[in-house]
Amino acid sequence: MSADRETRKSAGAIYRMLTKTYPEVDCELDFQNPLQLVIATVLSAQCTDKRVNALTPALFKKYKKPKDYAKAPLAEIEQFIYSAGFYHAKARHLKGLGTKLVEEFDGKVPGNLDDLITLPGVGRKTANVVLWNAFGKNEGIVVDTHVGRISRRLGLTGQANPGKVNEILMKQL
């Protein structure tokens, strides 16, 4: 049996074991719509989901639509998200995200990877979270530090680059 085929077989066995052990896996972020999910996911960078869930109710009450983020003063957004860390950059991302959604996407969060990754603060990982949890589209694996490390330890990949790990795991699974 070839090494690639053996790795795919191993990946399949690991996948079956994980889905049996953890049959009901849900997104830990609290959200009601795609906009709230993309906002919460941007805020979750270098921050716990618990912290994000603690601050988003007030944020989502104040800012309901992309135009609300686009029009809001940065300092005001920063006050809402201060406890998430990196609040200056994250506030710029949220304001820019709102602006881009209004100007280029008719105020709607796009449901495809290529458009999502053009939004400020949104990379492949965030886009894959949004695609799966908001749109039910499985176009990639959310590869964070932990997924990459465990994939290497299990011998599924030798890659460290999250994009390459995603590509390899998608082929295997």
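This is a predicted model: local features need pLDDT of at least 70, side-chain atom pairs count only at pLDDT 80 or more; totals for chains, interfaces and linings use all residues.
**Entry 1: a negative patch**
I began with the surface charges. E24, D26, E28 and D30 form a negative surface patch. I then looked up where E24 sits, and found E24 in the loop that runs between helix 1 (3-21) and helix 2 (34-43). E24 has a relative accessible area of 70%, so I noted E24 as exposed.

**Entry 2: salt bridges**
Next I asked how many salt bridges a search of the whole structure finds. The search gave me four. I followed up some of them, one pair at a time.

**Entry 3: E76 and K62**
I found the side chains of E76 and K62 joined in a salt bridge, at 4.0 Å from N to O. This pair links distant parts of the chain, as E76 belongs to helix 5 (residues 74-81) and K62 to helix 3 (residues 49-62), 14 residues apart. E76 is partly exposed, because its relative accessibility is 25%. K62 also came out as partly exposed, at 45%.

**Entry 4: E104 and K100**
E104 and K100 are both part of helix 6 (residues 87-104), four residues apart, or about one turn of the helix. Their side chains meet in a salt bridge of 3.7 Å, N to O. Are these two partners buried or exposed? E104 counts as exposed at 51% relative accessibility, while K100 is buried, with a relative accessible area of 18%.

**Entry 5: K108 and D106**
My last stop was K108, whose side chain meets that of D106 in a salt bridge (3.9 Å, N to O). I noted both K108 and D106 as exposed.

Note on methods. Residues are numbered from 1 along each chain as its sequence is written. Side-chain values use heavy atoms; hydrogens and water are left out. Patches are made of residues with over 30% relative accessible area and no salt bridge: like charges are joined within 9 Å, nonpolar side chains (Val, Leu, Ile, Met, Phe, Trp, Tyr) within 5 Å. Accessible areas come from the Shrake-Rupley method with a 1.4 Å probe; for residues, only the protein chains shown count as cover. Lys and Arg count as positive and Asp and Glu as negative; His and the chain ends are not counted. The place of a charge is taken as NZ of Lys, CZ of Arg, CG of Asp or CD of Glu. Helices (H or I, at least four residues) and strands (E, at least two) are DSSP runs, numbered from the N terminus. Buried means under 20% relative accessible area, exposed over 50%, partly exposed in between (1.4 Å probe, protein chains only).
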